[in-house]
Amino acid sequence: MSRIPVIIDTDTAQDDCVTILLGLLDPRADLRAITMVAGNVGFDQQVANAHLTLNVAGRLGEVPVHVGCRAPILREWESAEDVHGDGSGGLSMDLTDASNADEHAVNALLRLTAEAPGEISIVAIGPLTNIATAVVMDRSFPSRVKSLSIMGGSNNGRGNITPSAEFNFYVDPEAAQVVLAAGFPELTIIPWAPLTLRDATFARPDYERLSVSGTPLARFFRRMCDATIDYDESVGVNGSTHPDSLTLATLLHPELVQASAPYRVDVETVSPLTRGMSSMAWGKFGLAPNATVVEQVDGAGFYALLASLLATPTTPSRPIAGLD
C-alpha cells in the first residue's frame, strides 16, 4: 500500500488534534509537516497543542512544526475560545525541548512542494491565511500541490460563527477567496453544513464509546473534546463535531465519500452581514467549477475509523499533566 505524503495546515484545538493523530498513525498517511495558522485559540497555545498531540502519539520531535501567519491577511484575529476553551482540555507538558522548525510555515509549504512537485497533498483545517500567502508569494505553488483538501464553508447552509458563515472562512475570508481562485488542480471541500452536522457529528453515547478503550489516545481525545461537545449541545448541535478529521480521512480513505459534485465556490468578503459566507453554485448556473464539494460520507465507516485510531496503544514521549 502506497502512503500519501501530506502536510496538515492547522489551528490546533479539539478535532484538529484528532486530525494530527490520524496523520501520524494511519498507515496510509506520510505526514511531512504541520504548519500553524491563526485560528481557534491563542497562537502559542495552538502550537503547544500540536506538540501535545505529537507527544501523546509517542512521536514528539519526529514531524516538524512550522509557525505560520499569526493573523489574517487584512483583519483582526477572532478566536473560537468560547467553543474550545484553550483547545487542550487543560493538559500541559514540559515544552522545553519541543522546538518549532526555524522555517516559516509559508516558506515550508513552498519549499516542500518545490522539492516534490505533484506529490504532496495539503489538508487545510483552519483559516486559509498560510495557503493564500503561499499563493501570493509564488503563483506556481498551486500547480505543485497534488491535492488541496479544505475544511471550510457550508454548502448553502447554516454557519457556525454567524448565521451564514463557517468559522474558517469567516476569520479570513480574503484568504479563502484567494485560494479558491488560485487554480489548484484538485481542490476538495468538506463543508460544515449539511455534511458535518449530518455525517460527522457523534451523539453523546457514541462519543463516550470512542474513549472506552482507555488508551492514552482515548483519554487525550476526551480531554480535548469534552469542552466542545458541551458547547455544541448548549447551542442545539446534538453531539461532538469532527469535520477536520473527516477532511483528512476522506483523502486517506476515499471510499468513505458517497456523494460529491463540482461547484463554483466563492466567499463573501465585503458585506458585514454575510462576511465569510460561501456561495456554492452547482451546474445550473453555468459557472466553471473550482472545487469538488463532498455532499455525503459513510458516517458509520468514519466513526469506525476514529474508534480504531483511538484504541491504538501508544507511549507518550514525556509526561502529560492531567492525562491520567
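**Labels and their criteria**

Reply: Leaving aside residues up to four places away in sequence, His104 touches His66, Val67, Gly68 and Cys69, where contact means heavy atoms within 4.5 Å. The model is predicted, so local features need pLDDT of at least 70 and side-chain atom pairs count only at pLDDT 80 or more, while totals for chains, interfaces and linings use all residues. Residues are numbered from 1 along each chain as its sequence is written, and side-chain values use heavy atoms, with hydrogens and water left out.

Me: Where does His104 lie, and why is His104 called partly exposed?

Reply: His104 is located in the loop between helix 3 and helix 4 (105–115); helices (H or I, at least four residues) and strands (E, at least two) are DSSP runs, numbered from the N terminus. Its relative accessibility is 31%, so His104 counts as partly exposed: buried means under 20% relative accessible area, exposed over 50%, and partly exposed in between (1.4 Å probe, protein chains only).

Me: What makes helix 1 and helix 12 roughly parallel?

Reply: Two packed helices are described by the angle between their axes and the distance between the axes. Helix 1 (residues 15–25) and helix 12 (residues 243–252) pack at about 25°, with axes 7 Å apart. Axes are lines fitted to C-alpha atoms, for helices over the stretch in contact, and angles run from 0 to 180 degrees between N-to-C directions. Angles under 35 degrees count as roughly parallel, over 145 as roughly antiparallel, 65 to 115 as roughly perpendicular and the rest as oblique. Helix 1 and helix 12 are therefore roughly parallel. Among the residues making this contact are Val18 and Leu22 of helix 1 and Leu248 and Leu252 of helix 12. By class, the contact comprises six nonpolar, three polar and three charged residues.

Me: How do you know that Cys17 is in no disulfide?

Reply: A disulfide is a pair of cysteine sulfur atoms within 2.5 Å. For Cys17 the nearest cysteine sulfur, that of Cys225, is 7.5 Å away, and the structure holds zero disulfides. Cys17 has 1% relative accessibility and therefore counts as buried.

Me: Why is the pair Arg75 and Glu174 called a salt bridge, and what does the pair tie together?

Reply: A salt bridge is a side-chain nitrogen of Lys or Arg within 4 Å of a carboxyl oxygen of Asp or Glu. The closest N and O atoms of Arg75 and Glu174 are 2.8 Å apart, and the pair forms a salt bridge. Arg75 lies in the loop between strand 3 (65–67) and helix 3 (81–84), and Glu174 in helix 8 (residues 173–180), so the pair ties together parts 99 residues apart in sequence. Arg75, at 23% relative accessible area, is partly exposed, whereas Glu174, at 15%, counts as buried. By this rule the count comes to 15 salt bridges.

Me: Which salt bridges does Arg204 form with Asp230 and Glu233, and at what distances?

Reply: With Asp230, the closest N and O atoms are 2.8 Å apart. Arg204 lies in helix 10 (residues 204–209) and Asp230 in helix 11 (residues 216–234), so this pair ties together parts 26 residues apart in sequence. The side chains of Arg204 and Glu233 meet in a salt bridge at 2.7 Å, N to O. Arg204 is partly exposed at 22%, as is Asp230 at 43%, and Glu233 counts as partly exposed at 33%.

Note on methods:
Nonpolar A, V, L, I, M, F, W, Y, C, P; charged D, E, K, R; others polar.
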